Amino acid sequence: MQLRLNGVHHSARPTWKLRETIEFYRDKMGLPLVHCVSSRGWGAAEHPDFLHFFFDSGAGGTIAFFYYLGDEQPEHLIHRPEYNIDAHHTAWRVESNEELLAWRSRLEQNGVEIMYQIEHEVIESFYFRDPNGYYLEIGRPLREYVELDQRDSAATLEAALTAEAEQPLKNIESVWRAKGKALNRIYPCTAAISIYVPDFPEFEAFLACARQVGNCHVREPVDGYWRIEADREISFNRKAAGLGPALWNSALAGGFCGRIIEYNRDVLRIARAD
């Protein structure tokens with residue numbers, strides 16, 4: 001028998017705000033309350049009694065909370081808006097831009113602050129917080145995953161492992177550089193500077209910008225990768241490329257060979273490695 005998972009049954013987090021959490025998910029978001037466990041403490045003698053309640057979050061999945069009775073919230077479980085804490089979040093899927101905008105409108109009408117809305121590669125999402133400070137996301141897919149996504153993901157993580165074996169990873173440039181070297185070995189290139197761009201629609205604007213740069217060439221894709229080649233410094237402008245911040249920050253995700261001499265919010269300059 002081949003083992004496979006069939007989606008997420010539920011995700012769960014602690015809360016010390018019972019009323020606010022119920023009112024947010026049930027009333028403001030409109031998620032049906034579908035189940036509640038009320039129990040004496042489990043396991044260790046000091047485990048408090050608790051309520052464990054579940055809201056329907058679509059497609060057979062639920063989002064659940066533990067409310068511990070008579071217990072003070074530990075310092076380490078206070079959710080603070082920091083990148084390492086917000087990495088733990090829930091993202092729901094809708095199927096169209098109309099649905100996305102309708103959800104945003106509903107939340108705003110119920111007094112929920114929308115932090116921002118952004119396109120990032122395969123999804124367009126907006127972000128907000130619940131009363132506990134938990135980071136939440138609703139997004140629509142811009143495209144489905146294809147076979148190249150699998151191959152490119154494997155190449156990226158293999159490059160990360162290769163770079164990390166040499167020294168601890170401190171920036172993404174070392175991963176991109178290792179990936180570029182690996183691709184150069186597979187698809188030999190004599191140019192001093194090479195940038196690999198996966199053949200995904202989200203990077204078409206970056207390729208169009210490269211075609212306007214006078215001192216580089218864009219080679220036709222091989223096995224799913226376009227290659228930008230140059231023998232001297234090349235420069236790209238984010239606004240000219242028409243890329244949003246998220247995609248701009250991933251412009252070299254396909255891997256490159258060369259040396260980054262400037263990479264800020266609007267300008268990317270790459271020179272020869274020597």
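**Entry 1: T62.** I started with T62, which sits in strand 4. A reminder to myself that this is a predicted model. Is T62 buried or exposed? Its relative accessibility comes out at 14%, and the cut-off for buried is under 20%, so T62 counts as buried. Next I asked which residues T62 touches. Leaving out anything up to four places away in sequence, I got H9, H10, S11, V34, F54, F55, D56 and S57.

**Entry 2: strand 7 and its partners.** I moved on to strand 7, residues 123-129. Five of its seven residues are buried, so the strand is largely enclosed by the rest of the structure. On one pairing I found strand 6 (residues 116-120), antiparallel to strand 7 over five bridges. Within that pair, E119 faces E124 of strand 7. The two strands make a hairpin with two residues between them, and E121 in the turn has a positive phi of about 60 degrees.

I then looked up how strand 7 pairs with strand 8: they run antiparallel and seven bridges join them. S125 has G139 of strand 8 as its bridge partner. This hairpin has five residues between the strands, and here G133 is the one I noted with a positive phi, near 95 degrees.

**Entry 3: the largest pocket.** How much space lies in the largest pocket? I read off about 620 Å³. Its lining runs to 23 residues, with V8, A59, A91, W92 and R93 nearest the centre. The elements giving two or more residues to the lining are strand 1 (10-15), strand 3 (50-58), strand 4 (61-68), strand 5 (90-93) and strand 8 (135-141). Strand 5 supplies the largest share, four residues. Sorting the lining by class, I have eight nonpolar, twelve polar and three charged residues.

Entry 4: The largest nonpolar core has 33 residues, and I195, I228, I234 and F236 have the most contacts inside it. Among the elements that give it two or more residues are helix 5 (173-186), strand 9 (193-198), helix 6 (204-212) and strand 11 (225-230). A separate core of 19 residues lies apart from it, including F24, L31, Y134 and L136.

How values were computed: Residues numbered from 1 in each chain as written. Predicted model: local features only at pLDDT ≥ 70, side-chain atom pairs only at ≥ 80, totals over all residues. Heavy atoms only, no water. Core = buried A, V, L, I, M, F, W, Y, C linked by side-chain atoms within 4.5 Å. Buried < 20%, exposed > 50% of the residue type's maximum accessible area, 1.4 Å probe, protein only. 1 Å grid on protein atoms, 1.4 Å probe; cavity = no way out; pocket = protein on both sides within 12 Å on 5 of 7 lines; lining within 4 Å. Points joined across faces, edges and corners; volume = space filled by probe spheres on them. Nonpolar A, V, L, I, M, F, W, Y, C, P; charged D, E, K, R; others polar. Contact = heavy atoms within 4.5 Å. Pairing = 2+ DSSP bridges.
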